[in-house]
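Subject: Structure for you to look at

Hello,

Here is the structure we talked about. Please open it beside this email and follow along.

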Amino acid sequence: MTWTIYLSLAVAAGILCHSLISSRILRRQRDLSHIPLVRFHHDDTQASYIARTREIMHQGYVEYNKKGMAFRIRNPVDEGSPQVIMAKRYLDEVKNASEEQLSFPLYSIQAFLLKYSGSVLPSAAATHVTRIDLNKNLGELVEPMREECLDTLRVVIPESKDWTLLKPWDTFVPLISRMTGRVLVGPTLCSNPEWIQLTIANTAGIMKSAMEIRASYSARWQWLAPWTYRGRNDLRKLRKRATELIEPLYRERLAGKQPADPEQKHRDAVQWLIEGHQTETEKGITSAEIADGLLFLYMAGIHSTSATVVSIMYDLLAHPEVIPELLEEIHQVQTESPQWSKQSLAKLRKLDSFMKESQRLHPAGFVTVQRSTVRPYTFQDGLQLPANTFLMFPTYEFTHDGETYPNPEQFDPWRFYRMRTEGDATKFHFATVSNDSTNFGAGFHACPGRFFVAHELKIILTELLLQYDFKFAEGTARPPDHYHDFTVIPNQQAQLLVRKRQERKQ
Ligand code: HEM
């Protein structure tokens, strides 16, 4: 008897939730009807949104954004979450909005269904150590990063002096994982193959779970996924294993074990997370919380940086005529200061310009500065967005706009070098964000890892340029990028030919 009462209550609650949620979705769609919709006229299917989003983004940018208006596009995998693409004039307002109004963590949770898949959530503590401690320690981290780079290059690139085939994606993901890991988990764990595998599997698992949940549950039933989704334990198991792998390091650090070299101190996110919690709260941080924070940082940093370095390599090989000039700059700087440091890396201005131009033309995605409205939000000009609306800025269009960047489709390696020399010397660096350069986001949430990335890329590229010769395996053309939804992925199948030089290049 009792169970029938429970069952009836559960069914009634389900129906209530169902009608509440679906009416909320319909209301949100109605509430956005004042914003023009841009869609595919002939084939408005999910397949078009996956492969050809760039086309309607461009159309909406020209028709609306350039006139200062926002437009919206469907979110075909989640009709309850339409996406509003904002004009540049709204950027300052979004940067200044509080976390209680427009939220980046909330956007990430909703866009990737993080609370439904058992995933790690955005970690304020891990973001804080990246923003503060990582950046404060960058100078001391240059040498350890270079050591890790040299060690890994010996493993991932054949030492042969004959031309050998190499798949850049498969080469650079482990390299980036180890170099980033060096500043996150220190010299031992960063090269542990199980740890590397696990951090890569975590990012892939988050994407896969979000896709599978959306494929199996309509927006109104996704809340059931934590109990019924068949992959609901996958990410949890992975997080548990990450905690086990962190545990010995965590215990050593809590016990105050010092580095082998008495001159050194621990400079990695594990240490900073522990120290941050020792001073701020009595309770301290658990190994599981540290593991989650680290997985979050790996998710934020590895694929984005790997994609960036692969794109830069493709651009270098597509423009081999610039290599002598880059080498000349490297030699000049090394003559003044033979060992890389934060200061000497900063002097590689042409390399910096090359990296930024490559990112301008081949970014990690079409949109950045994604936010979700925590509650209904009205912009100063009266534009209204209901709660839980996704808004974002068309970075790809900004950086391909001829009014900001003349000859936008042309790869101009020294574009930013000239802008720095002829204009403001403090602007236009690879890691600089501005309203015309939003590949690393904008405002408070602008990527806190971007200065680290600039150092990491320069360390890698100088070694590659000095130690190896490269060319495309077939033809000389740059392999085309692959587009998926808003993501830009450099070609993962292309092969390069590489050979180790007898002597470092002069
Ligand atoms: C080329 C590589 C990278 C790119 C293109 C990139 C891009 C971005 C973008 C677009 C955002 C969102 C900013 C916004 O919405 O305003 C972001 C946030 C973030 N990134 Fe990066 N990122 C990269 C590498 C890294 C690395 C290596 C780390 C860590 C070591 C990192 C850590 C973070 C964190 C913690 C956030 C969240 C910031 C917050 O919520 O305040 N990123 N990144």
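In which sense do strand 2 and strand 8 pair, and over how many bridges? Before the answer, two notes on the numbers. This is a predicted model, in which local features need pLDDT of at least 70 and side-chain atom pairs count only at pLDDT 80 or more, while totals for chains, interfaces and linings use all residues. Residues are numbered from 1 along each chain as its sequence is written.

**Strand 8 and its partners**

Strand 2 (residues 83-85) pairs with strand 8 in the parallel sense, over three bridges. Helices (H or I, at least four residues) and strands (E, at least two) are DSSP runs numbered from the N terminus, and two strands pair if DSSP finds at least two bridges between them. In this pairing V84 stands opposite L391 of strand 8. Strand 5 also pairs with strand 8, in the antiparallel sense and again over three bridges. There, S372 has F390 in strand 8 as its bridge partner. Strands of a sheet pair through backbone hydrogen bonds, either parallel or antiparallel.

Strand 8 (residues 390-393) is covered on both faces: F390 and M392 are buried on one side, L391 and F393 on the other. A residue is buried if 20 or more other C-beta atoms lie within 10 Å of its own, exposed if 12 or fewer, and partly exposed in between, with C-beta atoms placed from the backbone. In a regular strand the side chains alternate between the two faces of the sheet.

Three strands form an open sheet in the order 4-12-9, with antiparallel pairing. Strand 4 (164-166) and strand 9 (468-472) are the edge strands, each pairing on one side only. From one strand to the next, the twist averages 35°; the axes are lines fitted to C-alpha atoms (for helices over the stretch in contact), and angles run from 0 to 180 degrees between N-to-C directions. Strand 9 is joined to strand 12 (residues 496-500) by five bridges, and K471 stands opposite L497 in strand 12.

**Around the ligand**

The ligand is surrounded by 26 residues, and the closest are G301, S304, G441, C447 and G449. A residue is near a molecule or strand if its C-beta atom, placed from the backbone, lies within 6 Å of it. Helix 6 (124-136), helix 13 (287-318), strand 5 (368-373) and helix 19 (450-467) each give two or more residues to this shell. Helix 13 gives the most, with six. By type, the shell holds 12 nonpolar residues, 14 polar and no charged. Here Ala, Val, Leu, Ile, Met, Phe, Trp, Tyr, Cys and Pro count as nonpolar, Asp, Glu, Lys and Arg as charged, and the others, Gly among them, as polar.

C447 lies in the loop between helix 18 (415-422) and helix 19. C447 counts as buried because it has 21 C-beta neighbours inside 10 Å. An unreviewed UniProt entry lists C447 under "binding site"; UniProt positions follow the numbering used here, feature names are shortened, and annotations may be inferred rather than shown by experiment.

Most residues other than glycine have a negative phi. V369, in strand 5, is not a glycine, yet has a positive phi of about 50°. N407, in the loop between helix 17 (395-399) and helix 18, has a positive phi near 50° and is not a glycine either. Is each of these buried or exposed? V369 counts as buried because it has 25 C-beta neighbours inside 10 Å, while N407 counts as exposed because it has 9.

Regards
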